[in-house]
Amino acid sequence: MKQDKIMSMIGLATRAGKTASGEFMTEKLVKGGQAYLVIVAADASDNTKKMFRNMCTYYKVPLYIYGTKEVLGHGMGKESRASLTILDKSFAGAIVKNLVAAGIVQEQEVQNKKIDIRESDREGNGGSKQYGEN
């Protein structure tokens, strides 16, 4: 049931234009500071998982291993996808919340991934917020 919610949120984010998929685009957006969350398929190659783990650690972007290539692709309404990135903070938060509710990720793991989010403050001089902060 909760897995359906996760896929529904990914599908909704895709329809809103707030996702990107594929190794090249995901890497480009993480390095460009536009990614709020990266999801890699459990059946992706070990090399792919290692590359994204290292990149997301360096750029401080939360990374979760979830589903299969076919499941991620189906959730986006596309062919199989080994990786995808969420480009919106609200969608990223909702997906992580559903991952926790489904028991796929532990709450402690989410707390350990608090990161600085690049976001402008009201004056436009570049404030920052902790991921998960209200």
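# Exercises on a predicted model

H5 is followed by Gly 103, and the phi of Gly 103 is positive, near 80°. The exercises below concern a predicted model.

## Exercise 1: the chain as a whole

Task: State how many helices and strands the protein chain has, and in what order they come.

Solution. 
- Step 1. The count is six helices and six strands.
- Step 2. Read from the N terminus, the order of elements is α-β-α-β-α-β-α-β-α-α-β-β.
- Step 3. For burial, 37% of the 134 residues of the protein chain count as buried.
- Step 4. For surface, the accessible area of the protein chain is about 7,700 Å², and carbon and sulfur atoms hold 47% of that.
- Step 5. For contacts, take those between residues at least 6 apart in sequence: 72% of them join residues at least 24 apart.

## Exercise 2: helix H5

Task: Find which residues of H5 are buried and how they are placed around the helix axis.

Solution. 
- Step 1. H5 has 13 residues, and from its first C-alpha to its last it reaches 18 Å, close to the 18 Å expected at 1.5 Å a residue.
- Step 2. Its buried residues are Phe 91, Ala 92, Ile 95, Val 96, Asn 98 and Leu 99.
- Step 3. Looking down the axis of H5, these buried residues fall within an arc of 160°, so they line one face of the helix.
- Step 4. On the face turned away from the buried side, H5 carries the exposed residues Ser 90 and Lys 97.
- Step 5. At the N-terminal end, Asp 88 caps H5, with a side-chain oxygen 3.0 Å from the backbone nitrogen of Ser 90.

## Exercise 3: helix H3

Solution. 
- Step 1. H3 covers residues 46-59, which is 14 residues, and its reach of 20 Å from first to last C-alpha is close to the 20 Å expected.
- Step 2. Thr 48, Lys 49, Phe 52, Met 55 and Cys 56 are the buried residues of H3.
- Step 3. Seen down the axis of H3, they fall within an arc of 140°, so they line one face of the helix.
- Step 4. The face turned away from the buried side carries Asp 46, Asn 47, Lys 50, Thr 57 and Tyr 58, which are exposed.
- Step 5. Just after H3 comes Lys 60, with a positive phi of about 60°.

## Exercise 4: the nonpolar cores

Task: Name the residues of the largest nonpolar core that touch the most other members, and follow two of them, Ile 39 and Leu 72.

Solution. 
- Step 1. The largest nonpolar core has 21 residues, of which Ile 10, Leu 37, Ile 39, Leu 72 and Ile 95 touch the most other members.
- Step 2. Two or more residues of this core come from each of helix H1 (2-15), strand E2 (37-40), helix H4 (69-76), strand E4 (83-86) and helix H5 (89-101).
- Step 3. Beyond its neighbours within four places in sequence, Ile 39 has contacts that include Ile 10, Tyr 64, Leu 72 and Ile 95.
- Step 4. Leu 72 lies in helix H4. Leu 72 counts as buried because its relative accessibility is 0%, and the cut-off is under 20%.
- Step 5. In sequence Leu 72 and Ile 39 are 33 residues apart, while their C-alpha atoms are 8.7 Å apart in space.
- Step 6. A second, separate core has ten residues, including Ala 44, Met 55, Val 61 and Leu 63.

Technical notes:
Residues are numbered from 1 along each chain as its sequence is written. This is a predicted model: local features need pLDDT of at least 70, side-chain atom pairs count only at pLDDT 80 or more; totals for chains, interfaces and linings use all residues. Side-chain values use heavy atoms; hydrogens and water are left out. A nonpolar core is a set of buried Ala, Val, Leu, Ile, Met, Phe, Trp, Tyr and Cys residues joined through side-chain atoms within 4.5 Å. Buried means under 20% relative accessible area, exposed over 50%, partly exposed in between (1.4 Å probe, protein chains only). Helices (H or I, at least four residues) and strands (E, at least two) are DSSP runs, numbered from the N terminus. Contact means heavy atoms within 4.5 Å. Accessible areas come from the Shrake-Rupley method with a 1.4 Å probe; for residues, only the protein chains shown count as cover. The expected span of a helix is 1.5 Å times one less than its number of residues. The arc is that of the directions from the helix axis to the C-beta atoms. A polar contact is a pair of N or O atoms within 3.5 Å; within protein, one must be able to donate a hydrogen and the other to accept it, and residues adjacent in sequence count only if both atoms are side-chain atoms.
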